[in-house]
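Good morning, everyone, and thank you for making time for this short talk.

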Amino acid sequence: MNEVHRIDLPRAVLVGRGVLNLIGEVCQEFALKRVLIVTGRITYTVAGERALVLLGERDIEAEAVHVNRADMDTVDGVEEKASQFRADALMGVGGGRSIDVAKLSAARGGKPFISVPTAASHDGIASSSASVKGLGRPYSMKAKAPIAVIADSRIIAESPYRFTASGCGDVISKAVAVRDWRLANSERGEYYGEYAGSLALMSSSLVMKSARQIRDRLEEGYRTLMEALVSCGVAMSIAGSSRPCSGSEHLFSHALDMLAPRPALHGEQCGVGTIMMARLHGLDWRSIKEHLEVIGAPTTAEELGVSREVVVEALVKAGDIRPERYTILNKVNLNPESAEDLARGCGVV
Ligand code: ZN
């Protein structure tokens with residue numbers, strides 16, 4: 001029998017100023033009658049409350065549930081709430097946490113999920129994987145891709161700029177992730193999807209090309225970033241795994257999450273990891289660093305708020321976090337000395 005390659009993609013992606021206003025119409029298109037909105041305390045005032053009103057205007061029953069953590073207890077609670085409310089879809093309105101909790105609760109309850117990001121901080125807004133604590137591992141878990149993504153650039157432009165810079169770091173990191181994937185293909189015979197890989201790479205180079213527009217907070221820059229984040233989610237759906245979007249630089253970020261007393265944002269850590277892993281790959285790491293600097297994303301341990309010791313330890317441990325994921329770290333095998341040389345060589349410490 002031929003191997004079946006199934007790709008689940010969002011059916012509607014709306015990016016632009018004021019698209020939040022179309023939320024009711026989109027839900028009507030999908031014939032939704034009862035929607036549970038998963039949101040946070042601040043994001044409720046930013047967009048959640050407005051979403052409730054807009055759905056109400058279209059005679060869609062909607063209720064909001066507030067979450068302040070992304071852990072399995074919260075996911076269980078939301079899943080139960082969704083079944084009590086007899087929701088026919090879950091809508092995540094927020095940054096990372098609300099989206100992740102809604103996505104995983106929806107997948108577990110067998111319900112569709114709609115993504116309404118209020119910040120552009122990471123590529124989870126359109127992906128099929130969710131990052132939730134309490135899974136016994138630091139990386140994400142497979143859920144389901146959203147049926148719709150509604151990314152209002154006006155709302156995203158008003159979010160703290162740090163989130164935007166972090167989202168750029170997450171997208172730029174694909175330059176290394178795809179290299180790691182190709183390496184796994186050539187050294188281990190792992191499946192490599194040219195299409196998914198190219199899409200992730202293109203997103204990375206487009207965001208680097210738009211660095212100044214993003215820094216200047218131009219509408220065009222935000223749009224490029226949002227489309228890149230959505231495209232990364234699509235690349236993962238096409239690949240059937242996070243491979244095109246997560247390599248050694250993500251392993252470094254996961255290691256920091258475990259080791260740092262106060263980790264930085266996911267995309268900020270991935271950006272710094274990308275500089276160092278690009279050097280290991282023999283890529284133009286200086287250019288990556290310069291683009292991150294233009295955007296205003298961290299490029300050093302100090303800017304991440306993490307000590308030199310923790311960066312070195314994270315570099316050494318990163319390769320062991322996800323043994324099934326072959327990356328440059330399996331080939332190079334950093335020890336404390338070579339890890340410190342690498343971090344110094346790139347000006348990270
Ligand atoms: Zn990421």
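Asn335 caps the N-terminal end of helix H17, with a side-chain oxygen lying 3.0 Å from the backbone nitrogen of Glu337. That is a polar contact, meaning a pair of N or O atoms within 3.5 Å, where within protein one must be able to donate a hydrogen and the other to accept it, and where residues adjacent in sequence count only if both atoms are side-chain atoms. Before I go on, please keep in mind that this is a predicted model, in which local features need pLDDT of at least 70 and side-chain atom pairs count only at pLDDT 80 or more, while totals for chains, interfaces and linings use all residues. Residues are numbered from 1 along each chain as its sequence is written, and side-chain values use heavy atoms, with hydrogens and water left out.

Let us stay with H17, which spans residues 336–345; helices are DSSP runs (H or I, at least four residues), numbered from the N terminus. Which residues of H17 are buried? They are Ala339, Glu340, Leu342 and Ala343, where buried means under 20% relative accessible area, exposed over 50%, and partly exposed in between, with a 1.4 Å probe and protein chains only. These residues cover an arc of only 160° around the axis, which puts them on the same side of H17; the arc is that of the directions from the helix axis to the C-beta atoms. On the other side of H17, Glu337 and Asp341 are exposed. The buried residues pack against helix H12 (266–281) and helix H15 (308–321), with contact meaning heavy atoms within 4.5 Å. Just after H17, Gly347 takes a positive phi of about 70°.

Now to the zinc ion, which is coordinated by Asp170 (OD), His250 (NE2) and His266 (NE2), at 2.1 to 2.2 Å. Donors here are N, O and S atoms within 2.8 Å of the metal (3.2 Å for Na, K and Ca), and since water is not among the atoms, sites may look incomplete. In sequence, the donor residues are spaced D-x79-H-x15-H. Asp170 in helix H6 (residues 161–172) and His250 in helix H11 (residues 248–259) are 80 residues apart, and this pair links distant parts of the chain. Asp170 counts as buried because its relative accessibility is 0%, and His250 is also buried, with a relative accessible area of 6%.

Key
Helices (H or I, at least four residues) and strands (E, at least two) are DSSP runs, numbered from the N terminus.
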